[in-house]
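Let's take a look at this protein together, starting with its ligand and then moving on to its charged side chains. Keep the 3D view open while you read.

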Amino acid sequence: MIHWPDQRIIQLLGIEHPILQAPMAGVQGADLALAVARSGGLGSLPCALLTPDRMREEIQRIRSQWNGPFNLNFFCHQPPAYDSEKDKRWRAVLQKYYREFGLDPEARTPAATRNPFDEESCRIVEEFKPAVVSFHFGLPDERWLARVKASGVRILSSATTVEEAQWLEKKGCDAIIAQGSEAGGHRGSFLARDVASQVGTLALVPQVVDAVKIPVIASGGIGDARGIRAAFALGAAAVQLGSAFLLATETTISNAHRQALRSAQDDQTVLTNIFTGRPARGVINRLIRELGPISHDVPEFPHAAAALAPLRSAAEAKGQTDFSPLWAGQAIRLAREESAAEIVKRLVADVQGK
Ligand SMILES: Cc1cc2nc3c(=O)[nH]c(=O)nc-3n(C[C@H](O)[C@H](O)[C@H](O)COP(=O)(O)O)c2cc1C
């Protein structure tokens, strides 16, 4: 029996190890969640890019092979009204790339598909009652939040500042994910929006721990046992790791994507808004170099992604990642190419000093 220094999250979520696999939309499905869950951590299924039918399929896949706790993750941004002027400006910026690939810049593209939590997602939560639901970009509307709570699940959400953590506690979250600026993927910010003032994990976690009564889960830049021990020393009750699982055999990324992550160094990620309209950390590639990292021509989240989609497909068909978001955190070099079970096993053994 392994003794963890803090039992609060283990008990709250009913897991063996206080290691949460970060939900990572676009790069994983049920397989990664299942492998982590079976290894004693919390497996997560990101739902932001899934249609309700696909959500049900993936959840059923988890449920058919695993009886224990798992996490369903949702975005809960307020979708902005479509702004045709901004879209036109963005398309004009991208025109040269459309030409390079022989694509028609005037062709209509399907709308971006990052859906916020809605009535259908709420029904799915009520139907499957996962042990845990986590949110990114705040919390959903009160009436849905009340229904999620009533279905008996534990609610987590990301905070990038002390103020956000206090807001989430007041709204009834069971624990806070303190997401430092080292983290890969989108900043979970919903009150704070200034990219320049994002707080790092080492500074954020103890300040959030001091400001709230509920347990805090440290996230961002934690790549191995040293990071996990540090998070506990800062007062966290658990950790959430994303990049550490990116090269796991169960992720669904292409070979070219995998290769780009494999060769990324500590100083080769950046916070950029050009892929979706919201700041997110990813490996620097051609589009970021040429248009970013931050551009004021970008339509609001998630609309930026729609005009980029044909470019991304055309480039990916040629094995290029120049137009793909390569979300990853600053500790990506610590990621190992092993199965998720091996990753969890190694993390646990190393923390215990075995
Ligand atoms: C590829 C990728 C995709 C992500 N997608 C999501 C997501 O769908 N939902 C979410 O809550 N967080 C998402 N995140 C952020 C993670 O929850 C977490 O904050 C981050 O991975 C922690 O930092 P680390 O990557 O340094 O471990 C994503 C992160 C990555 C790397």
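Sorted by class, the shell around the ligand is made of 10 nonpolar, 11 polar and one charged residues. Keep in mind that this is a predicted model. Of the 22 residues around the ligand, the ones that come nearest are Pro 23, Asn 73, Gly 221, Gly 242 and Ser 243.

Which atoms of the ligand do the backbones of Pro 23, Ala 25 and Gly 242 pair up with? For Pro 23, a polar backbone atom sits 3.3 Å from a nitrogen atom of the ligand. With Ala 25, a backbone N or O atom is 3.1 Å from an oxygen atom of the ligand. Gly 242 also has a backbone N or O atom by an oxygen atom of the ligand, at 2.8 Å. And how much of the ligand does the protein cover? On its own, the ligand has 590 Å² of accessible area, and the protein covers 98% of that. Two elements give two or more residues to the shell: β3 (71-75) and β9 (238-241).

On to the salt bridges. The count for this model comes to 24. Here are three of them, with the distance between N and O:

| Pair | N to O distance |
|---|---|
| Arg 54 and Glu 57 | 3.3 Å |
| Arg 123 and Glu 119 | 3.6 Å |
| Arg 336 and Glu 338 | 3.5 Å |

Where do the partners sit along the chain? Arg 54 and Glu 57 are three residues apart in helix α3 (residues 52-65), so about one helical turn separates them. Arg 123 and Glu 119 are four residues apart in helix α5 (residues 119-128), which again means a separation of about one helical turn.

Are these side chains buried or exposed? Arg 54 is partly exposed at 35% relative accessibility, and Glu 57 is partly exposed too, at 45%. In helix α5, Arg 123 has a relative accessible area of 42% and is partly exposed, while Glu 119 is partly exposed at 27%.

Key. Residues are numbered from 1 along each chain as its sequence is written. This is a predicted model: local features need pLDDT of at least 70, side-chain atom pairs count only at pLDDT 80 or more; totals for chains, interfaces and linings use all residues. Side-chain values use heavy atoms; hydrogens and water are left out. A salt bridge is a side-chain nitrogen of Lys or Arg within 4 Å of a carboxyl oxygen of Asp or Glu. Buried means under 20% relative accessible area, exposed over 50%, partly exposed in between (1.4 Å probe, protein chains only). A residue is near a molecule or strand if one of its heavy atoms lies within 4 Å of it. A polar contact is a pair of N or O atoms within 3.5 Å; within protein, one must be able to donate a hydrogen and the other to accept it, and residues adjacent in sequence count only if both atoms are side-chain atoms. Accessible areas come from the Shrake-Rupley method with a 1.4 Å probe; for residues, only the protein chains shown count as cover. Ala, Val, Leu, Ile, Met, Phe, Trp, Tyr, Cys and Pro count as nonpolar, Asp, Glu, Lys and Arg as charged, and the others, Gly among them, as polar.
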